[in-house]
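Here's a quick tour for anyone opening this structure for the first time. Have the sequence and the 3D view side by side, and take the points in order.

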Amino acid sequence: CYALSVYQPIDMLWTEHSMGASISMAVGLKVAGFKGPVIAVIGDSTFYHAGIQPLIEAVNKKVDILVLILDNNMVAMTGHQSTPAWKISESGREMKPVLIEDLVKAVGPDLFTVVDPYDLDSAVKVLEDALTSPGVKVVIAKHPCALAERRTRSVERRYYVDAELCKGCKACIAATGCPAIFMESGKAVIVEEDCNGCGLCARFCAFKAIKPVIPLGRGG
Ligand code: SF4
Ligand code: SF4
C-alpha cells in the first residue's frame, strides 16, 4: 500500500518498479554513480520477500544508501495476510516468528534504528541523522496497519474541521495524505467514521482548525 505514495498528494516515491525491488534499485543507482542521497522504501512483507538479498549486497559492497522499512505487521496491500513475524497464521497454525529486526541486525548495516512514525519528532530526527551518516543505514518505521488497529481497539478520539477556522490551504491533506480528509466548497472536511484519531492532520494545520471531537458526556 505504501507504493500509493508515488501519487499525489503524498508524492514521496520517485521510482516504482515491482514488489520488493527498491533496495536493489537503490544499490544499482549508487553503483552507477548517482551522487545524491538514495532512500529505498520497502514494506515488511516485501522485505521478507525480496529485500534481504540486496541488503546483504549493500552491506557487503559498502553501498551508501538509506533503507526505510515500513513495518505494519501484515501484508496490507493484498488483504491483510500474515508475515513471517506472526505467531499464528490465518488458518490457526502455530508459527515461529522470524523478526525483521533480527534479520537486519544479522546482516550488519552501519546504522540501525527502529522508530514509531507517529512519534513524528523522533522519527524525523532519526531520518535526518541517518541521511547524513555514511554507509548502509536501516530504519524500521514500526506501527500496526491503521485498518487492522481499528479492528482490535476502539477509536478513542476522532477529529473534525472547524469550517469557520479552515482557510482551505490543504496542508492537512498534503502532509498526511489521509483518505478521511477531503475538500468541499474550499474547506477541508473529515469523514468522522474514517478518522483513526491519530491527530497528525491537526499538527499540520497552522490555523488550528482541526480539533478533537468531544465525546458526548465528556464536554466541559
Ligand atoms: S490545514 Fe487547516 S486550514 Fe488548511 S485545509 Fe486543512 S483544516 Fe483547513
Ligand atoms: S486524525 Fe489522523 S486519521 Fe483522523 S483525519 Fe487526521 S490524519 Fe486522518
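Across the interface of domain 1 and domain 2, the rule finds one salt bridge (a side-chain nitrogen of Lys or Arg within 4 Å of a carboxyl oxygen of Asp or Glu). Arginine 203 pairs up with aspartate 121, with 3.0 Å between the closest N and O atoms. Keep in mind that this is a predicted model, where local features need pLDDT of at least 70, side-chain atom pairs count only at pLDDT 80 or more, and totals for chains, interfaces and linings use all residues. Residues are numbered from 1 along each chain as its sequence is written, chains are lettered from A and ligands numbered from 1 in the order in which they are written, and side-chain values use heavy atoms, with hydrogens and water left out.

**The two domains**

- The protein chain's domain assignment gives domain 1 (2–150) and domain 2 (159–212), with bounds taken from an automatic or database domain assignment.
- Their C-alpha centres sit 28 Å apart.
- Eight residues of domain 1 are in contact with 12 residues of domain 2, contact meaning heavy atoms within 4.5 Å.
- About 770 Å² is buried between domain 1 and domain 2, and carbon and sulfur atoms give 55% of that; buried area is the accessible area (1.4 Å probe) that two parts lose on being put together, summed over both.

**Around ligand 2**

- Which residues are around ligand 2? They are Tyr159, Cys178, Ile181, Ile190, Cys195, Asn196, Gly197, Cys198, Gly199 and Cys201, where near means one heavy atom within 4 Å.
- By class, that shell has seven nonpolar, three polar and no charged residues. Ala, Val, Leu, Ile, Met, Phe, Trp, Tyr, Cys and Pro count as nonpolar, Asp, Glu, Lys and Arg as charged, and the others, Gly among them, as polar.

**Salt bridges in the whole structure**

- The structure holds seven salt bridges.
- One of them joins aspartate 64 and lysine 137, whose closest N and O atoms are 2.7 Å apart.
- This pair links distant parts of the chain, 73 residues apart: aspartate 64 is in the loop between α2 (44–60) and β2 (66–71), and lysine 137 is in strand β4 (residues 137–142). Helices (H or I, at least four residues) and strands (E, at least two) are DSSP runs, numbered from the N terminus.

- Most residues other than glycine have a negative phi, and most peptide bonds are trans.
- Glutamine 8 and proline 9 are joined by a cis peptide bond, with omega about 0°.
- Proline 9 lies in the segment before α1 (22–31).
- Lysine 62 has a positive phi, near 55°, and lies in the loop between α2 and β2.
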